[in-house]
Structures are given as structure tokens and as C-alpha cells.
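Thanks, everyone. Let me put the model up, and then I'll go through the charged pairs, the disulfide, the strands and the core.

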Amino acid sequence: MGKRRLALCAGVLAVTAFGPAACAAYAADGQDVSVVPAAPAPGGDIALRVTGCDAREAVAQSPALVSDARLTRDDGDGLAGDGRVRSTVTAGTYTVTVACDGTEHRGTVEVVRKHMPAAGAEPSTYPSPVAPVNAGAGGAARDLAGGPERHGPGTAQTVVALALAGTAALTVHRAARRQARRGRRTG
């Protein structure tokens, strides 16, 4: 079996195997409004999307949101926008409604409590900047962050650059030799 046929068969197999599962997972709840992430913490940002709406824009409303979220046309067949979960909202499931073309589309957002680390535990993420840029104060941010300063490419980048330069030189040399041989034959 040729490489193209094998690649085509693998692609068809992947779409056949994973396509329906992905669609089923997305549409399992039967809701027109999707929220990403589906379970944000209070104060978190979310992305909202509604399908089956032909309007140019709409508004998503929920008691969990700080304010109504404006949705506009996206690249697909729906409307999309961003919202923020109230920082004072309690954990629970809240309804998100979008009125569009005289139809009310519904979805849900499940607000979860923030996970607080145990006392004395190391944080899993460190406050930024981890690798600050030299901006303002003459590059003092790097000194304050205590990180090592690096100059130029590393060993791996140097080896790759030399290999590419060598390949280019060899290709030019071979092309020049072929041209010279052709010139001797015709002359």
C-alpha cells in the first residue's frame, strides 16, 4: 500500500472513530449555549458560544456573570463572546440564557470553589514574571528576578545551523559541478 493511500486510510479511520464521539460529547447535554471552561471558579473568565442563531449579535445573561455578555458572529455557524464569573458567587450550577431571533437558547455553567493549598505548601505555579523582558529601569527586572542572563544561541541551535549551512553548501557545490559538466559536453 502506498504512502498516500496509507495516510488517507489512517485519516478516514481517525475521523470515523473519533468524530462521532466528539460530536456526542459536545451535544450530549442538548444545550445550544456552551461555556468554556464548563466549571470555572468565582472571578474566572469564560468563553460563551451559542449555535442555531442567525442574528448578528445577542446577549448572554446569567446570575453567575458579572454583567451581560455580548455575543457576536464567529467564524463558524454561531455567536461567541467572553464573560466573567462574579467573584462573590457561591458554588453551584447556574443557567445561561441567550435571546436570539425570538428564541431563548439555554445552557449551564457550574461554578466551583477555588482550591486553596494547605498551609505551608509550595504553590504549583509561580508569580510572573518568570523570565522578564528588559523593559524600563535599564533591565533591572532581570536582576530583581534573580534569573541567569543568557546570550546567543545554545549548543543545539548552533549544531542545527551548522548542519543546515553545510547542506546548503553541498547542494550549491553539486549544482555547480553539474553545470560545469553540462558546459563541457555542449562546448
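Which residue forms a salt bridge with Arg 84? Asp 45 does, and the closest N and O atoms are 2.6 Å apart. By salt bridge I mean a side-chain nitrogen of Lys or Arg within 4 Å of a carboxyl oxygen of Asp or Glu.

Some ground rules. This is a predicted model: local features need pLDDT of at least 70, side-chain atom pairs count only at pLDDT 80 or more, and totals for chains, interfaces and linings use all residues. Residues are numbered from 1 along each chain as its sequence is written, and side-chain values use heavy atoms, with hydrogens and water left out.

Back to that pair. Arg 84 sits in strand 5 (residues 78-84) and Asp 45 in strand 2 (residues 45-51), 39 residues apart. Strands here are DSSP runs of E, at least two residues, numbered from the N terminus. Arg 84 has 44% relative accessibility, so it counts as partly exposed. Asp 45, at 49%, is also partly exposed. The cut-offs: buried is under 20% relative accessible area, exposed is over 50%, partly exposed is in between, with a 1.4 Å probe and protein chains only.

The count comes to 4 salt bridges. Another one joins Glu 57 and Arg 70, at 3.0 Å from N to O. This pair also links distant parts of the chain: Glu 57 is in strand 3 (residues 57-61), Arg 70 in strand 4 (residues 69-73), 13 residues apart. Glu 57 is partly exposed at 46%. Arg 70 is exposed, at 54%. Then there is Arg 106 with Glu 104, at 2.7 Å. Arg 106 is partly exposed at 45%, and Glu 104 is partly exposed at 48%.

Now the disulfide. How many are there? The count is 1, taking a disulfide as a pair of cysteine sulfur atoms within 2.5 Å. Cys 53 and Cys 100 form it, with their sulfur atoms 1.4 Å apart. The link is right-handed, with 70° about the S-S bond. Cys 53 lies in the loop between strand 2 and strand 3, and Cys 100 in strand 6 (residues 92-100), so the pair ties together parts that are 47 residues apart in sequence. Cys 53 is buried at 1%. Cys 100 is buried too, at 3%.

Next, strand 2. In a regular strand the side chains alternate between the two faces of the sheet. Here the covered face holds Ile 46, Leu 48 and Val 50. Asp 45, Ala 47, Arg 49 and Thr 51 make the uncovered one. Strand 2 runs antiparallel to strand 1 (residues 33-36), joined by 4 bridges; two strands pair if DSSP finds at least two bridges between them. Val 36 stands opposite Ala 47. Strand 2 is also antiparallel to strand 5, with 7 bridges. There, Arg 49 has Ala 80 as its bridge partner.

Last, the core. A nonpolar core is a set of buried Ala, Val, Leu, Ile, Met, Phe, Trp, Tyr and Cys residues joined through side-chain atoms within 4.5 Å. The largest has 22 residues, and Leu 48, Val 50, Ala 60, Leu 71, Val 96 and Val 98 touch the most other members. Strand 6 gives the most to this core, with 4 residues.
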